[in-house]
Amino acid sequence: MSLVCNYKELTKEINVACERAGRDPSELTLIAVTKYVTIEQTREVFDLGIKDLGENRVNVALDKIPFIEAATWHFIGPLQSRKVKDIVNDIDYFHALDRLKVAKEMNKRLNKPLDCFVQVNVSGETSKGGITPDALFDFIDALKPFEHIRVVGLMTMAPHIDDQDKIRAVFRQLRELRDKVMACGFNHAPCQFLSMGMSQDFTLAILEGATHLRIGSILVNPEG
Ligand SMILES: *Cc1c(COP(=O)(O)O)cnc(C)c1O
């Protein structure tokens with residue numbers, strides 16, 4: 001399948017899910033995760049009209065960002081403290097904030113505020129990053145002194161399983177946590193967004209209120 005066909009099919013499925021959920025598709029930001037493809041193929045995705053692009057490796061992101069400067073760049077992978085300074089002023093969103101040490105380094109290196117998602121490990125899988133739901137409020141509280149960090153939402157990854165109810169429960173829990181953080185009315189953490197939903201589970205994420213979908217393989221498969 002070509003990129004154009006993939007995009008058409010995906011748009012259709014997103015619209016169907018929005019209809020089921022009684023939501024307006026314009027509430028959703030589709031982030032094309034381009035980590036699988038070359039700079040040239042990434043450019044094609046952008047030229048197709050997908051303005052939000054996501055990468056999870058610092059070196060690859062640094063290669064691509066200058067080449068497609070007009071894109072809105074989402075860094076979606078974990079970031080090591082020592083690499084923070086290389087990239088933090090080149091991205092528009094960071095989706096995987098889960099360590100105070102990294103937050104501190106980001107705050108030191110940033111020369112403007114950065115919109116961040118706090119990653120939450122809702123499913124409890126040890127292989128996944130993110131802080132536990134129990135630690136979320138203390139973590140967000142501890143971010144208050146970092147004047148350049150704005151918590152605009154929460155992010156999670158659902159487990160790779162077939163059980164749709166379990167996947168949906170993970171997304172629902174993230175939404176409930178988001179609602180609680182939002183209700184706190186923190187100035188530094190408006191926390192209105194939900195970054196959840198990937199190729200295999202975006203429909204369920206939309207049904208549970210996702211605002212930012214991170215979609216890679218079904219859109220930009222390197223073979224396609
Ligand atoms: C790779 C990746 C995605 C996209 O996954 P697909 O299953 O290819 O859609 C989304 N989020 C993160 C954090 C990723 O690393």
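This is a predicted model: local features need pLDDT of at least 70, side-chain atom pairs count only at pLDDT 80 or more; totals for chains, interfaces and linings use all residues.

Q: How does the salt bridge between Glu125 and Lys128 read?

A: Their side chains meet at 2.6 Å, N to O. Lys128 is buried because its relative accessible area is 18%, while Glu125, with 25%, is partly exposed. For contrast, take Lys64 and Glu55: they form a salt bridge at 2.7 Å, N to O, and both residues are buried.

Q: How many salt bridges are there in the whole structure?

A: A search finds 13. Some link up: Arg168, Arg172, Arg175 and Glu208 belong to a network of salt bridges.

Q: What about a charge and a ring?

A: Look at Lys51, whose charged end sits over the ring of Phe46, 4.1 Å from the ring centre.

Q: And how do I describe two rings?

A: You give the distance of the centres and the angle of the planes. This structure holds 2 aromatic pairs. In one of them, Tyr93 and Phe117, the centres are 6.3 Å apart and the planes are at 45 degrees, so the pair is tilted. Tyr93 belongs to strand β4 (residues 93-97) and Phe117 to strand β5 (residues 114-119), so the pair ties together parts 24 residues apart in sequence. Both Tyr93 and Phe117 are buried.

Q: How should I read the two faces of a strand?

A: In a regular strand, side chains alternate between the two faces of the sheet. Now try β8 (residues 212-215): His212 and Arg214 are on one side, Leu213 and Ile215 on the other, and all four are buried, so both faces are covered. Strand β1 (residues 29-33) runs parallel to β8, joined to it by 4 bridges.

Q: Which residues touch the most other members of the largest nonpolar core?

A: Phe94, Leu97, Met106 and Val118, out of 67 residues in that core. Helix α7 (residues 164-184) gives the largest share, 6 residues. Leaving out residues up to four places away in sequence, Val118 touches residues including Leu97, Ile131, Phe139 and Met155.

Technical notes: Residues are numbered from 1 along each chain as its sequence is written. Side-chain values use heavy atoms; hydrogens and water are left out. Buried means under 20% relative accessible area, exposed over 50%, partly exposed in between (1.4 Å probe, protein chains only). Helices (H or I, at least four residues) and strands (E, at least two) are DSSP runs, numbered from the N terminus. Two strands pair if DSSP finds at least two bridges between them. A nonpolar core is a set of buried Ala, Val, Leu, Ile, Met, Phe, Trp, Tyr and Cys residues joined through side-chain atoms within 4.5 Å. Contact means heavy atoms within 4.5 Å. Rings of Phe, Tyr and Trp (its six-membered ring) pair if their centres lie within 6.5 Å; planes under 30 degrees apart count as stacked, over 60 as edge-to-face and the rest as tilted. A charge sits over a ring if NZ of Lys or CZ of Arg is within 6 Å of the ring centre and within 35 degrees of the ring normal. A salt bridge is a side-chain nitrogen of Lys or Arg within 4 Å of a carboxyl oxygen of Asp or Glu.
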